[in-house]
Amino acid sequence: MTAAEPLDWPLTDPARLAAVDATGLLDTPAESAFDELAALAARLTGMPLAFVTFVDDRRSYWKATVGTGIAPEDVCTRQNAVADSFCQYVILADAPVVVTDAAQDERTRGNPSVTTTGVRAWAGYPVRGPDGHVLGSFCVVDLAPRQFSAADLEVLETLATAATREVALRAALRRAQDTTVELARLAARQELMARILGALHRKLDPIEELRELASVVVPDLADTATVHVLRTPVRPGRRPENLPVITDRVATAVIPEVPLPAERTGLAWHGEEGDPVVEVVRHGRLLRRPATPDVPRWARSTGSERTFLAGVDQVVVVPVVVEGLVVAVVFFGLHRDREPWDDEDLDQLEEIARYAGLALANSLTYQRTRDSALVLQRSLLTDPPAVPGLEIAACYAPAGHDEVGGDWYDVFALGSDEWAVVVGDVVGHDIAAAAAMSQLRSALRTLATDRDRSPAATLTRLSAVNRALGLTDLATVFYGRLRHGPAGWTLRWCSAGHPPPLVLAASRAGVRTLGGDPGEIALNRFLPGVYSDAETTLAPGDVLLMYTDGVIEVRGTDLAAGWDELAARAADALHLGVSKLCGELLPKGCHDDDAVVLVLRVLP
Amino acid sequence: MTATPEGTVPEFSAAVAAPGTVAVHGEVDLATAPELRSALTGALRRTADGGPTAVTVDLRAVNFFDSAGVALLYEVAAAAALTVVVTAGSAVDQVVRISGLSRVLRVSQVPAG
């Protein structure tokens, strides 16, 4: 910037404005090409809002928006003033801008959007024109402050580059309407990349991602694709220290003319002359093997010679790098009847491997956090203690695919003759839900034991704690205090929006529900709860059945039907011991919510 | 572009039916709550331009409503005068009552028919 340039340079740079205008994208309806990139950004970074914008000297036009609910054709609403936008900072900086808390950040705290629309976290990468001008930004937005991981930023950078390429494609479309062949090729390439992006991010299991990678490339770009996963990831750019490199061939895809190599585990690569795996690791990027009339030696030792005998005579090998380590190696093969790959094809193969790395990083992170959340949740759900005069059992069923959940139960002593029973459910199925569950559980324990509070007073305090600390958006809790007195067991209880427990008499004389209609306010982050207590006596033989909504809530049926059904199943199983009874009541088969059952029987 | 969306997403929509009124169809859960959230924020913003900060959510065409939806309604109820329209005795009506929501918003029960 020179002294003569105005402060808002290059926002008002005529060359930049001309480039923005030349995109022909201002004031045009949404298009899937940009929408899909934005949707992917929102999904991968976990941000609620995402945009692709083009910015002139007055306003930021939102070519793509995710999370705003604005209709695709509503071109008038799809914009805001430059002064209100955060995209202006990307253009002024000519570089990515990352804001973790807009209300604190010097660059942004004066921006009107911080107060009017509540923008707090913002990360945007430049979308550039053919001559390098910043046309607008590819950005994600949250209404709460947050940090961005290196993986988040990598996702944004990659997708912003894809958006830039999309703009270039449009420019080519208009510039050279006569060179239709060239255009068709460009369009096909963009379409293939879009399909690959879509396929890669559909799976959260890394091996599945790699299978998708193999199958989506054949036959558009290659006749064979084979993925080898390294048992031990290695640093690219140098020869691996520990040889052999061991791989599992986890995915293969081929055109019909070529026999499919079997998936195989424990393939050893010793780094002999011509060893493609060791060589591509050392090279660190795409490696082209010359066309050869002979079956390579490594193909014989790995059981893929038939691929070559069937006419595949060109191979490229590409490393898949995740967090700085080669985690997989992909072999692409081409049949001798096909045009050889040109430089652009090879670029594209390399780009696909890079996308695969991003997708894998995403799914690996997901698996790691999910695993730690599972461990956390399971470690808290231990067997209830033995209580004289009562028989107690609890069980837990995770949702469908062993998902993390926010359901919990708890039983603990309050002094010498009183016991606390708790069942709760935190909204969500992720690490945040599991963490909030653990915090609420221990907060409730603390509040219940540090002084002699009634259940209602305890939940009122818990509601305040949840709001003050912002533990969770929503949780339902049933909390009861069981006391054994001269007249038997009494239960004093309070429920914060929790599905009502059932009390079944041994005589099968009937079922009582404990509250629930209408329920008291669920614990939530937005509104305080004030609760009241209720009391009931439990006769010898009575069974108190506490549960979370996963036990009764099945899509397509209503709650009343769920209770009736639960009560009927419990009545039928009443002769069983409490452990078996618990197991009987858990949902069977496939279900999409986790579920807890806590059962207590008063011994005669 | 031929990228296809994931095939199993249930049909869901949340549309502004009249000023300050959002009509919801389908299943409200973790997957669809964000869309409902933006529809409600949109409706809120619009009424805040001139009218009172109030919003009505018509849930009669909702066949599943889980805790993600409950959390969202608590959030909206904290910011605006919220009315939900439900079919009397329906699953959604039950969820609204059990979860304590009926204490923080107005429930307009419409007889089934």
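Residues are numbered from 1 along each chain as its sequence is written, chains are lettered from A in the order in which they are written, and hydrogens and water are left out of side-chain values, which use heavy atoms. Because the model is predicted, local features need pLDDT of at least 70 and side-chain atom pairs count only at pLDDT 80 or more, while totals for chains, interfaces and linings use all residues.

**Stop 1: the largest cavity**

A cavity is a set of points, on a 1 Å grid over the protein atoms alone, where a 1.4 Å probe fits but cannot get out; its lining residues have an atom within 4 Å of a point. A volume is the space filled by probe spheres set on the points, which are joined across faces, edges and corners. The whole structure has three cavities of 30 Å³ or more.

Select Thr476(A), Gly497(A), Pro499(A), Asp549(A) and Ser99(B), which lie nearest the centre of the largest cavity among its 19 lining residues. Its volume is about 200 Å³. Helix H14 (559-572) of chain A and, from chain B, helices H2 (67-79) and H3 (91-98) each supply at least two. Helices (H or I, at least four residues) and strands (E, at least two) are DSSP runs, numbered from the N terminus.

**Stop 2: the second largest cavity**

Move to Thr226(A), Trp298(A), Thr307(A), Phe308(A) and Phe331(A), nearest the centre of a cavity with 14 lining residues. The space here is about 130 Å³. Elements that each supply at least two lining residues include strands S7 (224-234), S11 (312-322) and S12 (325-335) of chain A.

**Stop 3: the strands beside it**

Strands pair if DSSP finds at least two bridges between them. S12(A) runs antiparallel to S7(A), with seven bridges, and Phe332(A) is the bridge partner of Ala225(A). S11(A) also pairs with S12(A) in the antiparallel sense, over 10 bridges; look for Val318(A) opposite Val330(A). Two residues separate S11(A) and S12(A) in a hairpin, and Glu323(A) in the turn has a positive phi of about 50 degrees.

**Stop 4: helix H8(A)**

Select residues 276-283 of chain A, where Pro276(A), Val277(A), Val278(A), Val280(A) and Val281(A) are buried. At the start, a side-chain oxygen of Asp275(A) is within 3.0 Å of the backbone nitrogen of Val277(A). Just after the helix, Gly284(A) has a positive phi of about 85 degrees.

Notes:
1 Å grid on protein atoms, 1.4 Å probe; cavity = no way out; pocket = protein on both sides within 12 Å on 5 of 7 lines; lining within 4 Å. Buried < 20%, exposed > 50% of the residue type's maximum accessible area, 1.4 Å probe, protein only. Polar contact = N/O pair within 3.5 Å; in protein donor to acceptor, adjacent residues only side chain to side chain.
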